[in-house]
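Dear colleague,

Please find below the structure for your records. A short account of the findings follows it.

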Amino acid sequence: MLTYIIRRVLILIPMALVICFLVYLGLEMTPGDAVSFMISPDALSSMDPAQLAEMREALGLGQPFIVRFWIWLSSLLQGNFGYSTSGGVPIGRILSDRLPATLELSVAALVLSTILGSLLGVISALKRGSKTDSALTVVGMLGVSVPEFFFGLVAILIFGLNLGWLPVGGRMMPGYVTFWDRLPHLIMPASVLSIMLTAGVMRYARSSMLDALSKDFIKTARSKGIPEWRVNLLHGFRVALTPVVVLIGFRLPVLLGGSVIIEQVFQWPGIGNEFISAVRGQDYPVVMTIALLSVMTVLVASLIVDVLTAVIDPRVRLGD
Amino acid sequence: MKKLLMLGTALLLSTTAIGSAWAQAINSNPLSDPRVRQAIAYAIDMDTIVETLFEGNAIRAVGLLPDGPNKPDDLERYDYNPDKARELLAEAGWDSSRELDVVYYYADQGTADLMATMQAYLADVGISMNYRMLEGDVGPQITALPADPVAGPSGVKWDILYGARAALALQEYFNQFGYGLMPTIPNVPEMNDLVAQVNSTTDPEVQREGYHQMERVINKNAYIIPLYYQQLYTYESNRLHRNGAPYGNEQYNYNWDVQNWTVDPTADGKNVLYTNAAPAQFFEVPWQNLGIWVHSKFAFDTVLEADGNLTPIGGELAESYSVSEDGLDVSFTLKDGLTWHDGTPLTADDLAWSIEAALKFPITHPVLMATFKAIDGSEAFQTGAADHVSGVSVEGNTVKLKFDHIDPNVLLSFSQFAPLPKAQFAGVNPVELQQSAYWQKPIGSGPFMIDEVRMNDYTTLVPFAAYHGGAPKIEQIIARPSGDNDGNLLVNATAGKADFGYTKSAGDVPGLEGLSYMTVKPIDIPYTRMIWINQFPHPAK
């Protein structure tokens, strides 16, 4: 397994480089640059083009594309993320400010959706064909098909504005010190973000559980007189867990990017919001760093899923 | 019989129809025919558009300048008249198979709706148009000049541009009519002289006469078609009390007396004012968008003070100022004992350094830049031939400016110019001023100090006890990052987390007006939405 992991890690590097180059190329092909974003078009006609050119030069935007990419890459290899073009903020600082907010939101949503999804999926499978199963199926379909922002707006309207139970947005307020202070801000965005994930996990868990329950070893366990709850949970659920773990693993990178809309709806100061602003502002160094982070998350998550699958399911042999 | 003939001729000449019969295209582009441009003006029913599309939250424009004494009252209104539009097009021999390429650069839905409406109105009179939003580096796409200011060909690739002119000084509406500066209109010699006239005097009467004449020329020839005046809206919750402080053009700095505002305590007994537009990644240098960001106005004071109409009325950081008879020598004496928020003295050196830095900062507001460029030695400083601007000198607490030529807006510029603390920018290239770490938590000179900054989450400001105008009464300001045309603005306002702010987005108004505790006040500002018609021979056509 160790050889397999090392081989996969080595493959990650060229893959990440190629993807980053493609992202950089895509940005390059987008019209405009950071300077054109800084100035309102209404004011542009009165600006001095020579001074704007000087600004572009000072910000390193006048160099050829490949040179800029190389500068970014070589700085990165030296551990230097660089600076935001528009505001001069060190990107390391942007990441350290924003990443915890996104991870807090994502992890909360992941934990919530994993527990709820697995639980409801198992219940649905065990009560196959019942009204409970039908109701959960409908709820699951709604969860995956209704857009997150809709749930977000409805939640804000009900719990934030009408009932006044929860704050309508933001992550912090002056005077907050501990996690518990800001927990009320987390509840709505994390719950809404977890709705779609819960529905997906539930559907997977249900079908996987049904599949497991139809296996011969389950019949064997029952014939041995093992109590039904033990058959279901210890024998059935363990096997059913494998595809669920795979799904959750692949959800890790989705959580990083998938929270973009939720961050906007709930004014959550995370990396997704920053990414949107950076793309709009053509802030190359910020876009590239966040893109690299996303790429690495996808690749590493894929590796983790493979390894975990092998750990959970002894039939899987990595590298074969 | 002869008298009858003369009378008939005079009558005919007095009508627009016969007047326009003499008009004709001045080059191969049919849009260079004033009758076609006038037809476009007559074809669009701006009154209905304002009432329906904008729900009354705009003012139908007649003339480029906002209503007031600087605009003549005899302009042709171009009221909606599709029959007249068709008639003019027929006279001009308009080819209805020609399709106009109309461009714009606003991403909001309201603009797209306006384009679709214009398309329908123009189609009704036989003009077909397509519209598209300009993407990317918009500047060169809208400002590219023709090779020859008279003969063209056009440097831009479109037929009509929908955009706006937001002016600090009224000259900004007309300066593009200077020789060789206009991307869409073959040079108009009459306008060149008038532009020079309004820029070379500080006499408001002479300027006014120039504005009147220019408005008439533009109006008669429909060189530019003004559509509507956009308003700005302030919103205030009933917790806020301005205590008689004046209202004004919030896009800029004026005497809003914020230090005397008060708020009713919140449920937990705090005198907190909630507002919006907190920074997402950095604070902006206050020399570009002079008053757009409310936190900049809280945190920075300007040299002079203006009233709500932006007429300079006295000193703010300056105790006094003087202007020589010929307008070429100007001095500002700062108040004694001024300090920055960190307690360090605010000196004349800071002001002198700021003027020089603003000259090199590429996106300084054009009106300020024009003022600073008029100072002796500014060009040598900008090109690097001199280390300092020779026309800027410091004597004690006084900054003296020697101008090379008259700048009509010198006092206006200094009523909008907030100096920065020189010591905070040691080693910073002014070209990269915005990239300085200072802008993560700036130290200012205004009535409120920036206290806590959580980028893209919230910013708090607290009173500056040593403020020269007296310590502010509001104990804390909490700003969230929501802004104009952002659904979160209304969410925050509904949740009681926006007591004060302003927006130019008419789309924000109905929601804010629907809140029983919110007062929305429209304010007329010099901000005209208009269309520029490209008259140069068009390479793409």
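**Findings**

Of the 541 residues of chain B, 50% count as buried (20 or more other C-beta atoms within 10 Å of the residue's own, with C-beta atoms placed from the backbone). This is a predicted model, in which local features need pLDDT of at least 70, side-chain atom pairs count only at pLDDT 80 or more, and totals for chains, interfaces and linings use all residues. Residues are numbered from 1 along each chain as its sequence is written, while chains are lettered from A and ligands numbered from 1 in the order in which they are written.

Chain B contains 16 helices and 19 strands (DSSP runs, H or I of at least four residues for helices and E of at least two for strands, numbered from the N terminus). Its C-alpha trace spans about 85 × 55 × 45 Å along the principal axes. Contacts (C-beta atoms, placed from the backbone, within 7 Å) with a separation of 6 or more are, for 69% in chain B, between residues 24 or more positions apart.

Between the chains, 39 residues of chain A are in contact with 44 residues of chain B. On the side of chain A that touches chain B, H4(A) gives the most, with five residues.

In helix H1 (residues 2-29) of chain A, the end C-alpha atoms are 41 Å apart, which agrees with the 40 Å that its 28 residues should span at 1.5 Å a residue (1.5 Å times one less than the number of residues). The buried residues of H1(A) are Cys20(A), Tyr24(A) and Leu27(A).

Yours sincerely

Key
Buried ≥ 20, exposed ≤ 12 C-beta atoms within 10 Å, placed from the backbone. Contact = placed C-beta atoms within 7 Å.
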